[in-house]
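Please examine the sequence and the three-dimensional structure shown below. The paragraphs that follow lead from the whole chain to a sheet, a helix and several charged pairs.

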Amino acid sequence: MKIDVLVAEIGSTTTVVNAFHNLESENPVFLGQGQGVTSVEEGDVTLGLQEAMEDLRMKLALEEITYDRFLATSSAAGGLRMTVHGLVHDMTVKASREAALGAGAIIRLVTSGRLKKSDLRKIMEINPNIIMIAGGLDHGERDTALYNAEKILEMGLTVPVIYAGNIDNRDDIEEIFDGYQGKLYVTDNVYPQVDVLQVEPARKIIQEVFEENIIHAKGMEKVHELVNGRILPTPGAVMESAKVLKEVLGDLMIIDVGGATTDVHSVTRGSEEISRILLSPEPEAKRTVEGDLGVYVNRKNLILRIGEEKICQELKIPGIDLHGLKPIPETSLEKEIIKRLTREAVFASVERHAGTVRNLYGESSGRKTVAEGKDLTEVKYIIGTGGALTRLENMDEILSDIHLQGRGQKLYPKKEAEVLLDTDYLLASLGVLSLQYKEAALKLMLKSLRIEGKGGGADVSVH
């Protein structure tokens, strides 16, 4: 049997390989999934990939695995280190962050206004994989972005630079970087008008740069030899799934708890009521990445957040052996510990992702109610993915309790939001698949969520 498409998801702790067949038919099939331990530390991620491939071969009872196409997603390199330099923090810099966080980049430095000597020193210390220059509404302020471009050029770096600011500066930017040893990308302004975010063009470029740079992860060059299609950043692939699902299910959010990070993706415009009092615009499709909330690589951070004594009291255990915890939990005690850490990761990441309502008081105007951040009150579905949420029992209970955490003025999903689990653990792989097989990918997403045929009462076809 020759499989249509294999998709590998190479994460920070685990690697899975998913097999899909009959993708051009009315009934696409998910054949099965193999799993291995990601082997970044051994200097060759293909070791974990081979382990997952062998696990898949055994589950499918095949003598060997043959396939037409091999695609992949990866977060094994930890994401691109990115610095962002704009004009006004609440405008262009924020928009740049939104583009980066949706495309597999980790923001290490954000500056606003003209770059200072201390900023330039920090950039050198960070040694970024990519730099974004923004600033100025279209046909507005020009000088800051041009000044910053010249200062960055003087640093002698060779990393890719994205210019996503005032369109009036494009010719000048290209002239400044003429002869630059790195690569310059000029794209649409991320903040072209007041209260207008335009992050998708920049986000696509960051994904391209990710694909070009992911090869620098330990052993990833060997994966490139296997893959005959795209390698997408895993968070970008999950965002693709979120946008496809939004077309048929309506407003939703996806929480992806991983070994190194917890990512929250939301696709919703929010309520009309909140949009009227929003201080600054939010993108419809938003992602936040919490690099301190992973349940394996960053397990110590989560234990410190909760308190080891509190965990031991709750689980009735004498202590926690940090070094004894495995990437894939095996014993019932290990699973209970990971469940508790997952609960903390979910609640903390949603709190950071969600917006809030607060009151401002002025001498002349009195009290004024304003909103800041992402409004999740219109979310109809809360979807859980990632190994921790999909491989342990009763994890839907954690997601069902999210609304209870949204006390006070937080803009959390309402109690009525329905909880779904990515039961087959496929959303990242199907996000990649959706770029070429959108109809098939959607059907497989709905199957994994155990809502086949559901699409808000409508046909599940997408356009």
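**From the whole chain to its parts**

With 463 residues, a compact globule would have a radius of gyration near 23 Å, and the protein chain agrees with this, having 23 Å. This radius is taken over C-alpha atoms, and the globule rule is 2.2 Å times the number of residues to the power 0.38. The model is a predicted one, in which local features need pLDDT of at least 70 and side-chain atom pairs count only at pLDDT 80 or more, while totals for chains, interfaces and linings use all residues. Residues are numbered from 1 along each chain as its sequence is written, and side-chain values use heavy atoms, with hydrogens and water left out.

Along the principal axes, the C-alpha atoms of the protein chain fill a box of roughly 65 × 55 × 50 Å. Of the 463 residues, 55% count as buried; buried means under 20% relative accessible area, exposed means over 50%, and partly exposed lies in between (1.4 Å probe, protein chains only). Among contacts with a separation of 6 or more, 70% come from residues 24 or more positions apart, a contact being heavy atoms within 4.5 Å. The chain has 17 helices and 17 strands. These are DSSP runs numbered from the N terminus, with helices (H or I) of at least four residues and strands (E) of at least two.

One part to locate is an open sheet of five strands, with the order 3-2-1-4-10 and mixed pairing. Its edge strands are strand 3 and strand 10 (231-233), each of which pairs on one side only. Two strands pair if DSSP finds at least two bridges between them. Strand 1 and strand 4 pair in the parallel sense over eight bridges, and A8 stands opposite A72 in strand 4. Helix 1 (residues 46-59) lies across strand 1, strand 2, strand 3 and strand 4, and runs at about 135° to strand 3. For such angles, axes are lines fitted to C-alpha atoms, for helices over the stretch in contact, and the angles run from 0 to 180 degrees between N-to-C directions.

Helix 4 (residues 143-154) has twelve residues and reaches 17 Å from its first C-alpha to its last, close to the expected 16 Å. The expected span is 1.5 Å times one less than the number of residues. Which residues of helix 4 are buried? They are T144, A145, L146, N148, A149 and I152. Their cover includes strand 5 (80-86), strand 7 (130-133), strand 8 (161-163) and helix 5 (170-176). Just after helix 4, G156 takes a positive phi of about 75°.

Charged side chains come next. Side chains of opposite charge can pair when their charged atoms come close. The structure holds 26 salt bridges, each defined as a side-chain nitrogen of Lys or Arg within 4 Å of a carboxyl oxygen of Asp or Glu. K2 forms a salt bridge with D68, the closest N and O atoms being 3.2 Å apart. This pair links distant parts of the chain, with K2 in strand 1 (residues 2-10) and D68 in strand 4 (residues 66-74), 66 residues apart. D68 is partly exposed, at a relative accessible area of 40%.

E26 and K443 also meet in a salt bridge (3.4 Å, N to O). E26 is in the loop between strand 2 (14-21) and strand 3 (29-37), and K443 is in helix 17 (residues 438-448), 417 residues apart. E26 is exposed, with a relative accessible area of 63%, whereas K443 is partly exposed at 22%.
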